[in-house]
Amino acid sequence: MTDISTSAVHATTAALATNTPRRFYRGGERIFAFRGLEAPSDFDGYRPEDWIGSTARLFAEGGGGVTTLDGGRELPDAFAADADGWFGEAHVARFGGDPNLLTKLLDSGERLPVHSHPSRAFATTHLDCDHGKTEAWIVLVADPDATVWVGFRDELSAEDLAELVDAQDDRLLEALNPIKVSAGDAVLVPAGQPHAIGEGVLILELQEPTDFSVMLEHKRFGLELDHAFLGLERPVALQSVDHGPVTGERLETLRRRWADVVDFGSALPDEASAYFRAEVVRPVTGDVTVGAAYAAVVVVDGHGTFTSAHGAREVRAGDVLLVPFAAGDVTVSGDVTLIRCMPPAP
Ligand SMILES: [Zn+2]
């Protein structure tokens with residue numbers, strides 16, 4: 001039994017409903033399918049992201065995105081009421097009462113525009129924010145030949161980059177490294193690296209908790225220049241973009257096969273750990289117990305049992321849980337794979 005008066009104050013493990021703000025690009029069907037839900041009757045084909053455990057808001061496009069818990073409480077209010085319970089004292093001492101993480105499911109119903117995200121240093125100087133937006137993609141579903149693009153293959157001068165952005169044609173995409181992806185792949189995208197996600201991919205995405213994007217390619221998506229360049233002068237916004245080159249060798253260091261993890265282990269390259277952690281839990285040799293942590297838990301395959309100080313619950317593919325530090329150690333059993341998305345270690 002849940003005591004409403006208590007759960008309203010203390011951090012409690014919560015199953016999350018979908019939270020799919022309208023965006024400027026198509027997608028969303030793979031999210032509803034993955035979550036085991038019918039698309040809602042008002043689904044308009046433009047709900048390509050499910051924002052999980054979100055305290056962040058869209059930079060434009062209506063400013064939605066904050067997660068609401070069952071009962072209607074907005075997540076920032078719940079966090080404020082019991083930060084130690086949600087995050088643990090060490091996290092609060094280092095990061096404050098903020099998750100320091102945004103997690104999303106993203107379904108690319110069409111190719112996304114070539115864009116990049118500012119670094120922490122750039123955001124601090126120009127956007128009055130401590131967070132940049134390094135991000136990582138954990139591929140859950142991919143059409144055959146699905147492709148993503150990361151980093152310029154060759155070094156560009158500032159003039160080359162400005163010219164490509166002026167032209168708004170296919171040369172921007174063609175200048176990037178294409179990477180074929182399949183379910184089980186993971187890719188880290190450091191802040192500053194231009195990138196794009198091709199059509200037909202469902203990814204679990206971790207990122208620093210902002211919505212800062214420099215939309216290098218904006219015309220074909222009808223984006224306002226103010227939105228495309230974060231309200232900055234274009235030459236200033238373009239200073240946040242890495243001019244390359246990103247070599248094949250460098251790309252290898254940004255990739256990992258999360259599907260190869262046995263029992264538990266990181267889904268992402270080590271370099272990600274300064275920004276966030278994604279831990280695959282898949283009991284193979286026996287039940288797996290992992291330590292207490294604030295986590296957005298996404299069950300990506302199978303079904304099993306998830307047991308913590310908040311009790312045991314059956315979980316299955318498509319379930320999403322928000323798990324507070326106060327839930328303590330977690331034991332996972334069954335034929336199930338889940339991914340714990342967590343802030344950096346305090
Ligand atoms: Zn991005």
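Trainee: Why is V262 called partly exposed?

Mentor: V262 has a relative accessible area of 48%. Buried means under 20%, exposed over 50%, and partly exposed in between, with a 1.4 Å probe and protein chains only. The value of 48% therefore makes V262 partly exposed. This is a predicted model, in which local features need pLDDT of at least 70 and side-chain atom pairs count only at pLDDT 80 or more, while totals for chains, interfaces and linings use all residues. Residues are numbered from 1 along each chain as its sequence is written, and side-chain values use heavy atoms, with hydrogens and water left out.

Trainee: Which residues is V262 in contact with?

Mentor: Leaving aside neighbours within four places in sequence, V262 is in contact with R282 and V284, where contact means heavy atoms within 4.5 Å. V262 is found in the loop between strand 10 (255-257) and strand 11 (263-266); strands are DSSP runs of E with at least two residues, and helices are runs of H or I with at least four, numbered from the N terminus.

Trainee: What makes H218 buried or exposed?

Mentor: The relative accessible area of H218 is 9%, so H218 is buried. H218 is found in the loop between strand 9 (201-207) and helix 9 (225-228). Beyond neighbours within four places in sequence, the contacts of H218 include V165, Q168 and F229.

Trainee: How do you know which residues coordinate the zinc ion?

Mentor: Donors are N, O and S atoms within 2.8 Å of the metal (3.2 Å for Na, K and Ca); water is not among the atoms, so sites may look incomplete. H115 (NE2), H117 (NE2), E135 (OE) and H195 (NE2) coordinate the zinc ion at 2.1 to 2.6 Å, and they therefore qualify as donors.

Trainee: Why is the site of the zinc ion called irregular?

Mentor: The angles among its four donor atoms are 84 to 147°. Four donors count as tetrahedral if all angles lie between 85 and 135 degrees; four count as square planar and six as octahedral if opposite donors are over 155 degrees apart and all others between 65 and 115; anything else is irregular. With angles of 84 to 147°, the site is therefore irregular. H117 lies in the loop between strand 3 (102-107) and helix 6 (120-126) and E135 in strand 4 (residues 135-142), so the pair ties together parts that are 18 residues apart in sequence.

Trainee: Why does H117 count as buried?

Mentor: H117 has 2% relative accessibility and therefore counts as buried. E135, also at 2%, counts as buried.
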